[in-house]
Amino acid sequence: ANTEPLIVINDIPFETEIDDSFDFATANEEQYAQLINVNPDDIESITVLKDAASTAIWGAKGANGVLMITTKKGKPGPTKVTYSYSMTRAKQPAGMNMLNGDGYTMLMKQAYYNPKLESASSAIPELNYDTNFTEYENYNNNTDWRKAISKIGYTHDNNLTISGGGEKVSYRVSVAYYNQTGTIIGQLLNRLSMRSNIMYNVSDRITFTSDFSYSYSDNDKNYENLLDVAYKIMPNLSIYAQDSEGNDTDRYYHILSSSTLNDEQKKLSNPVAVANLAMNNTKNYRTSPVFSLSYEFFDRTQTDASLRMNATVSFDINANQRTGFFPKEAANKVWNEGKVNMAERSESESLGLYATANLTWRPVFKNENHSFQVQGRFNISSSSSNSIGMSVDGLPSSWLTAASSTAQIVSMSNSFSESRSLGYSGSAHYAYAGRYIADITLKREGSSLFGENFRYGFFPAISTKWILSDEAFFEPLRPIISQLSPRFSIGINGN
């Protein structure tokens, strides 16, 4: 169980890992596009389903709400080529006011002196600016660690779309390239995504549609929460080891293991070294082909009644690769401690299959005030995933970064999982005079993710709507209120 809503793209459930920082309440179209790895120009509409009546059709999966995303399709007409580019500039907010090195050492001396009025702080050479201290030059600085790890971040978003079609075939093809440098050094994201939609009218009654999407992302993240470390580490400490004259060398500086400083300070890594030397890279490949077939049983040139069958099969192929390496030069540790020259490698793959078929009937009444539609729906899904991971440490050199190198094994893991589900539902929609509307849905769903005695669930829902503003007696209020529609709905969902 989780609190994440179900994401549905073109009536197909979309499984993805959602970052805890993603805010569904305030996210804009561009942020949603990043979440599902699509071109923002490809999104036609985003609808949020919250109440139980509208989410019951998705059964247990809709327990936390449903996010319906519809992408654009090809339209008949001349070929159109569209290119768009956007650039965003971002920076870290000002944050908390921090002491410089001089202010910090003075505060620490006072903190030691005040309880007993004794200058015990003189026993801590890292705070005293004593030129006889061999590490003096490395502790007489005013380092703004937050500024040292921060930078201006830029986002470049390129989108190219080609669309058009004729009487038989319509198409839309888009390619997007997204590049983002973070506001913390060591962060970089590159993503390439492609999407195509082809609709072919085989005849007046048969339509075939294919959707194909592919995305590849290469994401360099920080190995640690560097902003957190920057707020904690001593500001009188130097970023680089300094020589006897106070000049920076090409080596990053770490507090010596022989120091008498508290371990909470002594064990902190140099955040600039971690950003530039440690590796935390994730690559993702995702392919999602979708095929749909629609058949109209009635000749629409002879009657307005409709009996339509739609069948859809979709595949979701997803692969992730993560590579991590934490070199000794970035760690404030001795060579035989854990997490020194530590290499990590993990891979995961998943395959999902989703198939659905529905039959929709819409009769025609002599009295045009009546409108009625009924639909039956059946869906099945199957998914499987596997992963493998390994981490080693104590590699003899920072040049050896592969987890397959001979070293001390820290951990090994592998996993395999699979699940299946099926569901069938019926729904009916009735409207009278275009003002009085009622909907009813009955859904039964089964999933192997639940125990044997709780494998199936029943999800009924009913809703009504009265478009009050269309009534004749509402005429005087229309200049003030353009639309007023009381609605009542009740349903059962949950997992």
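Two strands are said to pair if DSSP finds at least two bridges between them, and strands themselves (E, at least two residues), like helices (H or I, at least four), are DSSP runs numbered from the N terminus. What you have open is a predicted model, in which local features need pLDDT of at least 70 and side-chain atom pairs count only at pLDDT 80 or more, while totals for chains, interfaces and linings use all residues. Residues are numbered from 1 along each chain as its sequence is written, and side-chain values use heavy atoms, with hydrogens and water left out.

Select strand S12 (residues 279–296) together with strand S13 (residues 306–326); S12 and S13 run antiparallel and are joined by 16 bridges. Within this pair, Tyr285 stands opposite Ala319 in S13.

**Stop two: salt bridges**

Side chains of opposite charge can pair when their charged atoms come close. A salt bridge here is a side-chain nitrogen of Lys or Arg within 4 Å of a carboxyl oxygen of Asp or Glu, and the structure holds 14 of them.

Because Arg286 lies in S12 and Asp316 in S13, the pair ties together parts that are 30 residues apart in sequence. Arg286 and Asp316 are both buried, where buried means under 20% relative accessible area, exposed over 50%, and partly exposed in between (1.4 Å probe, protein chains only).

Next, select Arg172 and Asp42, which meet in a salt bridge of 3.2 Å, N to O. Arg172 lies in strand S7, whereas Asp42 is in the loop between helix H1 (29–36) and strand S3 (43–49), so this pair ties together parts that are 130 residues apart in sequence. Both of these residues are buried.

For another salt bridge, go to Lys73 and Asp211, at 3.8 Å, N to O. Lys73 sits in the loop between strand S4 (66–71) and S5, and Asp211 in strand S9 (residues 206–220), 138 residues apart.

**Stop three: a nonpolar patch**

Switch to a surface view and select the nonpolar patch, whose members include Val81, Tyr83, Leu160, Val175 and Met194, and which has about 1000 Å² of accessible area altogether. Such patches are made of residues with over 30% relative accessible area and no salt bridge, with like charges joined within 9 Å and nonpolar side chains (Val, Leu, Ile, Met, Phe, Trp, Tyr) within 5 Å; the areas come from the Shrake-Rupley method with a 1.4 Å probe, and for residues only the protein chains shown count as cover. Strands S5 (77–90), S6 (153–165), S7 (169–181) and S8 (188–201) each supply at least two residues, and the largest share, 4 residues, comes from S5. Tyr83 is found in S5 and is exposed, with a relative accessible area of 52%.

**Last stop: Arg420**

Finally, select Arg420 in strand S16 (residues 408–432), which is exposed, with a relative accessible area of 53%.
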